[in-house]
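Take a look at the protein shown here. Follow the chain with your eye before reading on.

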Amino acid sequence: MRKYGPAALVVAFLFGVWELAARLKNLPFIFPPPSGVAVRLWELRETLLLDHLPSTLAIILIGLAISIVLGVALAVWMAVSETAERAFYPLVISSQMIPTIALAPIFIMFFGYGIWSKVIVTVLITFFPITVNTFDGLKSSSKELRELILTMGGTKKDIFLKVQVPSAKPHFYSGLKVAVTLSVIGAAIGEWLGAQAGLGYFSRRMMNQFDGAAVFAPIVLLSVVGIVLFLVVKGLEKRSLNWRNKK
């Protein structure tokens, strides 16, 4: 735990500054102190945890699952086919040039206020880091190892499974760690713009009621969800790449 000491001190200092500034400003309806947010979070715990958190988690997990499947599949296709790379790689890059928040209302118009409009927003945000990082990992495999396997009578399948996949794993997990944090943002954006449940929806509703502490309370939960997902991916990475930890 000692290695997290400096970070804990910085966080404590920032919260202290926030608490002091909020109390001096004395406008809790727009700038509540952390203590007020904590109290409001406790008061709303059942509503947030039982009514709204499951909806947000469903959006995040479904969106991530779709992004992983489609992203890895497209990355593999582009890695083994130059035609696919020339056709799709520019599209993957250009998909990030349009602000997602500008497309979210369009998805809501097409798919309504149900879960799928928010899932598509989440996929649009998380698809890019998974695809690009996995593709870069597959392409960065050692040329010498590939040639060695060919001289030993190996096939392209052997090269892919024994060289390219191990080379891509660290890159995949790097992209996934970015994607899990972005998935929380994607779900919140979708719910903020149009939803009937979820932490983003609840935060927007409380903003309309000028309840500053209640606006921040679901944001705290969203942050916790993002941290937990990041730690889960980090744990999976450590187990999957245990050979790297032994170096």
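E19 and R23 both sit in helix α1, which covers residues 5-25. They are 4 residues apart, so about one helical turn separates them. The two form a salt bridge. Their closest N and O atoms are 2.7 Å apart. Side chains of opposite charge can pair when their charged atoms come close. Are the two partners buried or exposed? E19 counts as buried, because its relative accessibility is 18% and the cut-off for buried is under 20%. R23 counts as exposed, because its relative accessibility is 53% and exposed means over 50%.

This model is predicted. Keep that in mind as we step back to the whole protein. The protein has 11 helices and 0 strands. Read along the sequence, the pattern is α-α-α-α-α-α-α-α-α-α-α. The C-alpha trace spans about 75 × 50 × 30 Å along its principal axes. There are 247 residues, and 38% of them count as buried.

L20 counts as exposed, because its relative accessibility is 53%, over the 50% mark. How far apart are the C-alpha atoms of L20 and L70? They are separated by 47 Å. Along the chain, L20 and L70 are 50 residues apart.

Back to charged pairs. The count comes to 6 salt bridges. One of them joins K139 and E85, with the closest N and O atoms 3.8 Å apart. This pair links distant parts of the chain. K139 is in helix α6 (residues 115-139), and E85 is in helix α4 (residues 82-94). The two are 54 residues apart. K139 counts as partly exposed, at 41% relative accessibility. E85 also counts as partly exposed, at 24%.

Another salt bridge joins the side chains of E237 and K177, at 3.0 Å from N to O. It, too, links distant parts of the chain. E237 belongs to helix α10 and K177 to helix α8, 60 residues apart. E237 is buried, because its relative accessible area is 5%, under the 20% limit. K177 is buried as well, with 16%. There is also a network of salt bridges, which links R40, E43 and D211.

Now follow helix α8 itself. How do α3 and α8 meet? The axes of α3 (residues 45-80) and α8 (residues 156-193) come within 9 Å and cross at roughly 145°. The crossing of α3 past α8 is right-handed. On the α3 side, the contact is made by S55, T56, I59, I60, L64, I68, V72 and V76. On the α8 side, it is made by F160, F172, L176, A179, V180, S183, V184, A187 and E191. By class, this contact has 13 nonpolar, 3 polar and 1 charged residues.

Helix α8 also packs with α9. Their axes are 7 Å apart, at an angle of about 45°. That angle makes α8 oblique to α9. Here, too, the crossing is right-handed, as α8 passes α9. Which residues make this contact? From α8 come A188, E191 and W192. From α9 come L199, G200, Y201, S203, R204 and M207. They divide into 5 nonpolar, 2 polar and 2 charged residues. E191 of α8 is listed in the contact with α3, and E191 is also listed in the contact with α9.

Move on past α9. The loop between α9 (199-208) and α10 (212-240) holds F210. Is F210 buried or exposed? F210 is exposed, because its relative accessible area is 58%, over the 50% cut-off. Beyond that loop lies α10, the helix that holds E237, the salt-bridge partner of K177 in α8.

Methods: Residues numbered from 1 in each chain as written. Predicted model: local features only at pLDDT ≥ 70, side-chain atom pairs only at ≥ 80, totals over all residues. Heavy atoms only, no water. Axes fitted to C-alpha atoms, helices over the stretch in contact; angles between N-to-C directions. Left-handed = near helix turned anticlockwise from the far one by under 90°. Contact = heavy atoms within 4.5 Å. Nonpolar A, V, L, I, M, F, W, Y, C, P; charged D, E, K, R; others polar. Buried < 20%, exposed > 50% of the residue type's maximum accessible area, 1.4 Å probe, protein only. Parallel < 35°, antiparallel > 145°, perpendicular 65-115°, else oblique. Salt bridge = Lys/Arg side-chain N within 4 Å of Asp/Glu carboxyl O.
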